[in-house]
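Thanks, everyone, for making time this morning.

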Amino acid sequence: MSIILPTAVLRQIVSPELVRLSYFCAMIPVILKKRIGLRVENGHPWIFGNEIAETEETVKPGDIVTVFNGDKKFIGKGFINPKSQIAIRLLTRNESEVIDDHFIRQRIEAAWNYRKKLGYTENCRLVFGEADGLPALIIDKFGEHFVVQTLALGIDIWKPVIVSSLKEIFKTDKIYERNDVPVRELEGMVQHKGFLSSPFDTRIIIRENGLQFEADLENGQKTGYFLDQQDNRRAIRHIVKDAEVLGAFCYTGSFEVHAGHYGARSVLGLDISENAVALATNNAKLNGMEGKVRFEALNAFDVLKKWSRDTKKFDVVMLDPPAFTKNRENIGKAISGYKEINLRGMKLLRSGGFLVTSSCTNLVSPQVFLDTIRSAAKDAGKKLRQVVFQAQSPDHPIVWGLENTHYLKFLIAEVTD
């Protein structure tokens with residue numbers, strides 16, 4: 001339990017100089033418990049409610065606060081939400097920095113400059129939350145279109161500034177909000193989606209690796225299209241040439257269309273969603289691949305299980321499932337799920353074929369993921385030779401020490417008997 005103290009009492013605990021400084025820069029001081037470990041002081045931007053010792057009685061959800069450790073030394077400034085398990089998300093560790101409109105715009109500009117340096121200019125994750133110093137903010141750029149998610153109350157309050165910054169920096173008036181995500185309810189917010197600019201057609205065509213794909217910004221999964229695999233989709237270009245390819249959990253068919261583009265002899269994509277299969281089929285048509293690349297609305301789990309018992313074989317099997325869990329209580333089930341589909345996928349391969357497999361479950365570490373694949377290979381009686389093992393594309397930067405920024409695992413392995 002944290003203790004909420006009146007301002008007068010708090011002034012007696014913190015030195016007058018620190019109180020004046022905190023009020024000038026962020027107004028409300030927060031003191032952490034002495035024995036919370038060094039996680040926050042060593043750089044992690046999250047402070048949980050049970051780590052707070054004292055704050056003011058006037059603090060309101062979304063307020064900017066100045067945080068001090070148990071010895072009254074400055075740690076950083078961020079926004080607070082006592083209703084959330086993550087009570088404070090730090091924005092800066094610069095004592096003299098003021099959190100205002102200019103601060104938010106500068107962070108967005110810095111994120112854009114970083115992407116431009118890496119060559120991600122047409123389609124990219126423009127802002128990746130904590131990795132770009134703007135916790136709980138996601139902005140995806142699809143050409144001149146932008147999709148925004150504000151997943152914490154403290155950043156949601158700055159939405160007008162975020163929108164005006166996008167309009168000024170990119171000269172765009174095509175901004176859509178995808179806040180139809182349950183995590184907002186943990187912050188005391190409602191789910192909703194809609195235009196943050198003048199209305200526009202939310203079904204758009206984007207270009208990736210020389211191909212065209214339809215993205216449904218309003219009703220597609222997440223922000224409408226998975227940009228984090230754009231580099232990984234290029235990684236299959238040599239192994240699929242002249243191959244019979246099976247893709248499970250295909251969603252919009254982006255991996256499958258890439259396989260066709262890179263010279264596969266035939267490609268079959270499976271997804272349980274008929275809407276996804278319709279979109280994937282349209283994407284194949286957009287790229288002139290009708291016939292070579294086809295899709296069926298089937299339960300991939302059932303198909304993998306059934307076909308692995310038959311004599312059906314492929315040269316390449318691609319598995320790109322959704323996250324199997326978002327909470328630690330179900331990690332064991334998630335690992336079992338990954339092991340099952342990969343074991344079945346390996347059994348569907350001709351000896352010397354290639355397994356292309358991913359996990360976007362951030363609670364499953366890269367090492368646990370590899371260990372799971374290794375265990376599946378052992379049970380399937382197969383040998384593996386790693387070709388590629390990498391993460392999401394660099395426009396979703398990984399920050400060491402922030403495990404949630406390293407969420408995607410992507411593996412290509414040769415599978416032999």
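I will begin with the helix and then turn to the salt bridges.

Please keep in mind throughout that this is a predicted model. Helix α11 runs over residues 366-380, and at 1.5 Å a residue its 15 residues should span 21 Å, which agrees with the 21 Å between its end C-alpha atoms. Its buried residues are F369, L370, T372, I373, A376, A377 and A380. Seen down the axis of α11, these buried residues fall within an arc of 155°, so they line one face of the helix. What covers them includes α10 (331-347) along with the strands β19 (349-359), β20 (383-390) and β21 (409-416). After α11 comes G381, which has a positive phi, near 70°.

Now to the charged side chains, where a search of the whole structure finds 30 salt bridges. One of them joins R125 and D140, at 2.7 Å from N to O. R125 belongs to strand β8 and D140 to strand β9, so this pair ties together parts that are 15 residues apart in sequence. Both partners are buried, R125 at 12% relative accessibility and D140 at 1%.

Finally, D156, K159, E177 and R184 are linked in a network of salt bridges.

Notes
Residues numbered from 1 in each chain as written. Predicted model: local features only at pLDDT ≥ 70, side-chain atom pairs only at ≥ 80, totals over all residues. Heavy atoms only, no water. Helix = DSSP H or I, 4+ residues; strand = E, 2+ residues; numbered from the N terminus. Expected span 1.5 Å × (residues − 1). Buried < 20%, exposed > 50% of the residue type's maximum accessible area, 1.4 Å probe, protein only. Arc of directions from axis to C-beta. Contact = heavy atoms within 4.5 Å. Salt bridge = Lys/Arg side-chain N within 4 Å of Asp/Glu carboxyl O.
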